[in-house]
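Biologist: I would like to go through this structure one question at a time. Please show it first.

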Amino acid sequence: MNKNINETTSAKKQSKLVRFFKSRNAKRGAVAIILTILFIAVIVGLNILASTIGLSWDLTPNSIYELTETSLEYISTLEKDVTIYVLAEEQTLEDQGEYYLQVNKLLHEFENNSKHIKLKYVDLSTNPSFAQSYPDVNWNAEPYIMLIEYKDDHIAVSQQDVFTYDEEYLAYGEYYINGQKCEQAVLTAIFNITAEEKIGVTMLTGHGELENTALSSLLMNNAYDVETVSLLNGEISKDSQFVILYAPTNDIDKDTYATLVDWLY
């Protein structure tokens with residue numbers, strides 16, 4: 001008796017199950033599951049393909065991992081082999097925070113979009129000979145994040161060149177990063193070291209001039225060859241095309257005046 005009841009109940013359950021799988025809702029659900037599986041498979045496949053051939057997509061709201069059209073246009077015309085040395089291991093760089101991660105992604109964009117730009121990572125703590133190869137760089141002056149090189153010319157790029165800082169914290173001597181300007185810093189350095197002809201500029205000193213570091217940096221970042229000369233014990237280079245006496249507080253003497261007149265002629 002119980003056996004017949006159990007068989008009847010089981011048959012009813014199987015019948016309901018069959019009717020469910022034949023129903024429209026079940027078919028829709030099955031199609032949805034299949035489409036979901038296919039979608040996941042496609043995404044996984046694309047990621048594998050991208051990893052294999054070195055492609056990436058920037059899906060961030062402001063495309064913070066992508067270069068601007070201006071940058072892409074400039075490096076597409078670059079015909080000189082430039083090497084960007086990042087002064088840290090890649091994982092160490094990215095582990096320092098979101099803005100460092102952005103910098104690393106942008107550096108890869110430079111390399112991926114130009115066959116003339118190579119990206120390399122150098123850990124100065126385990127490879128001190130690298131710093132010794134560039135004795136003209138004052139490594140103790142400030143923390144550098146990369147060195148960009150073309151032939152025998154190079155520029156060391158500091159963290160202050162790459163990041164922006166919160167002015168409120170700077171007032172207390174603290175450096176709190178609130179953004180990055182890596183793209184601008186790298187482009188400026190590449191443009192500077194690959195320029196075939198640099199315009200010479202002489203900054204004169206010795207007459208109580210105002211501090212001109214900002215102006216000199218601006219000129220150098222735009223491929224001007226800047227020298228600083230005191231006419232008391234030096235002379236203006238023959239290659240100099242501009243002489244700047246930056247807001248002197250003392251009058252120039254007759255000898256300085258004669259030197260400037262001779263240079264002008």
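Modeller: This is a predicted model. Its count of salt bridges comes to two.

Biologist: Which residue forms a salt bridge with Glu196?

Modeller: Side chains of opposite charge can pair when their charged atoms come close. The cut-off between the nitrogen and the carboxyl oxygen is 4 Å. For Glu196 the closest N and O atoms are 3.5 Å apart, and the partner is Lys80.

Biologist: How many residues apart in sequence are the parts that Glu196 and Lys80 tie together?

Modeller: Glu196 lies in the loop between helix 9 (182-194) and strand 7. Lys80 lies in the loop between helix 3 (69-76) and strand 1 (82-86), so the pair ties together parts separated in sequence by 116 residues.

Biologist: Is Glu196 buried or exposed?

Modeller: Exposed means over 50% relative accessible area. Glu196 has 73% relative accessibility, so this residue counts as exposed.

Biologist: Which residue forms a salt bridge with Lys198, and where does that residue lie?

Modeller: The closest N and O atoms of this pair are 3.7 Å apart, and the partner of Lys198 is Asp153. Lys198 lies in the loop between helix 9 and strand 7, so the pair ties that loop to the part holding Asp153, which is strand 4 (residues 153-158).

Biologist: Is Asn212 buried or exposed?

Modeller: Asn212 is found in the loop between strand 7 (199-205) and helix 10 (213-221). Buried means under 20% relative accessible area. At 14% relative accessibility, Asn212 therefore counts as buried.

Key
Residues numbered from 1 in each chain as written. Predicted model: local features only at pLDDT ≥ 70, side-chain atom pairs only at ≥ 80, totals over all residues. Heavy atoms only, no water. Helix = DSSP H or I, 4+ residues; strand = E, 2+ residues; numbered from the N terminus. Buried < 20%, exposed > 50% of the residue type's maximum accessible area, 1.4 Å probe, protein only. Salt bridge = Lys/Arg side-chain N within 4 Å of Asp/Glu carboxyl O.
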